[in-house]
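Please keep the sequence and the structure in view while reading.

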Amino acid sequence: MSTTVETASAAARTAPAAVIVAIDGPSGTGKSSTSKAVAAQLGLSYLDTGAQYRAITWWMLNNGIDVQDAMEVATAAAKPVIVSGTDPAAPTITVDGEDASGPIRTQEVTSRVSAVSAVPEVRARITELQRTIAAAAGRGIVVEGRDIGTTVLPDADLKIFLTASPEARAARRSGEVKGSDLAATKEALIKRDAADSGRKTSPLAKADDAVEVDTTQLTLQQVIECVVTLVEEKRAAK
């Protein structure tokens, strides 16, 4: 019996400390790719909060809600059931039991998600969902978005803010979408930045205690290595 207790105690001492990592930043900085890779490498859960806002936007569009009418959006905000899977190797998202991982990435959703995300009732609903998921992640979690370190998880163990030049971000986004126009992509990113940074409720912003990482001149692997090092340092210090 004592051997079992000693073994369990030793395992507890050698197991890495659970950490909550908040990764924020605008579109095209490598948030999703970095966050998934870091979570997978370190055995952490992973949450793409942007997918949740896309999911609720997709539901609104599918259910005839006028997404330009903030009152109508606010009234409907509590209706859809959104479930996020947190396995970084295969993150999933369903809305009312239906797989939404593909549909939420359409241009129609992309062009309207900022308007829906700006509605306070939507943000309150999704923020509560995000906090619940983070609290349930026993091994720790990497949560990526735009207001994680400032609003959703202000007490996160580690906060990282990824940046990159508009040109670099547009080039990355254009590379993801076949036949896309680089200038138009850059213009759309800048417009999205302005909408996200200017909204009254939980705007895109760098937390005062966040580590800023400029990814403009870095490869994805370099960004991943940088973030992994930061997380490991935080784990060691806990």
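## Sheets, helices and cores

Strand β1 (residues 19-24) and strand β7 (residues 158-163) run parallel and are joined by 4 bridges, and within this pairing Ile23 stands opposite Ile160 of β7. The model is a predicted one, and what follows should be read with that in mind.

The pairing of β1 with β7 belongs to an open sheet of 5 strands, ordered β2-β6-β1-β7-β8 and paired in parallel. At its edges are β2 (45-48) and β8 (211-214), each of which pairs on one side only. On average, and with direction ignored, neighbouring strands of this sheet are turned by 20° against each other. Helix α3 packs on the sheet, where it touches β2 and β6 (140-145), and its direction makes about 40° with that of β2.

A further open sheet has 3 strands in the order β3-β4-β5, with antiparallel pairing. Because β3 (82-84) and β5 (98-99) stand at the edges with a single partner strand each, one side of each is left without a neighbour in the sheet. The antiparallel pairing of β3 with strand β4 (residues 93-95) extends over 3 bridges, and Ile82 has Val95 of β4 as its bridge partner. Helix α3 (residues 49-62) lies across β3, β4 and β5, running at about 25° to β4.

| Strand pair | Sense | Bridges |
|---|---|---|
| β1 (residues 19-24) and β7 (residues 158-163) | parallel | 4 bridges |
| β3 and β4 (residues 93-95) | antiparallel | 3 bridges |

Val122, Arg123, Ile126, Thr127, Leu129, Gln130, Ile133 and Ala134 are the residues of α6 that are buried. Seen down the axis of α6, these buried residues fall within an arc of 165°, so they line one face of the helix.

Which residues touch the most other members of the largest nonpolar core? Among its 36 residues, these are Met60, Ile82 and Val122. Two or more residues each are given to this core by α3, α4 (70-76), β4, α5 (107-117), α6, β6 and α7 (148-152), and the largest share, 7 residues, comes from α3. When its neighbours within four places in sequence are left aside, Met60 is in contact with Ile65, Val67, Val73, Ala76 and Ala77. Apart from this core lies another, of 19 residues, which includes Val19, Tyr46, Val227 and Val228.

Finally, Ala18 is placed in the loop between α1 (2-14) and β1. Is Ala18 buried or partly exposed? With a relative accessible area of 34%, Ala18 counts as partly exposed, because that category lies between the limits of 20% for buried and 50% for exposed. Not counting residues up to four places away in sequence, Ala18 touches Gly138, Arg139, Gly140, Asp157 and Lys238. By contrast, Ala18 and Glu72, which are 54 residues apart along the chain, have C-alpha atoms separated by 40 Å.

Technical notes. Residues numbered from 1 in each chain as written. Predicted model: local features only at pLDDT ≥ 70, side-chain atom pairs only at ≥ 80, totals over all residues. Heavy atoms only, no water. Buried < 20%, exposed > 50% of the residue type's maximum accessible area, 1.4 Å probe, protein only. Arc of directions from axis to C-beta. Pairing = 2+ DSSP bridges. Contact = heavy atoms within 4.5 Å. Axes fitted to C-alpha atoms, helices over the stretch in contact; angles between N-to-C directions. Core = buried A, V, L, I, M, F, W, Y, C linked by side-chain atoms within 4.5 Å.
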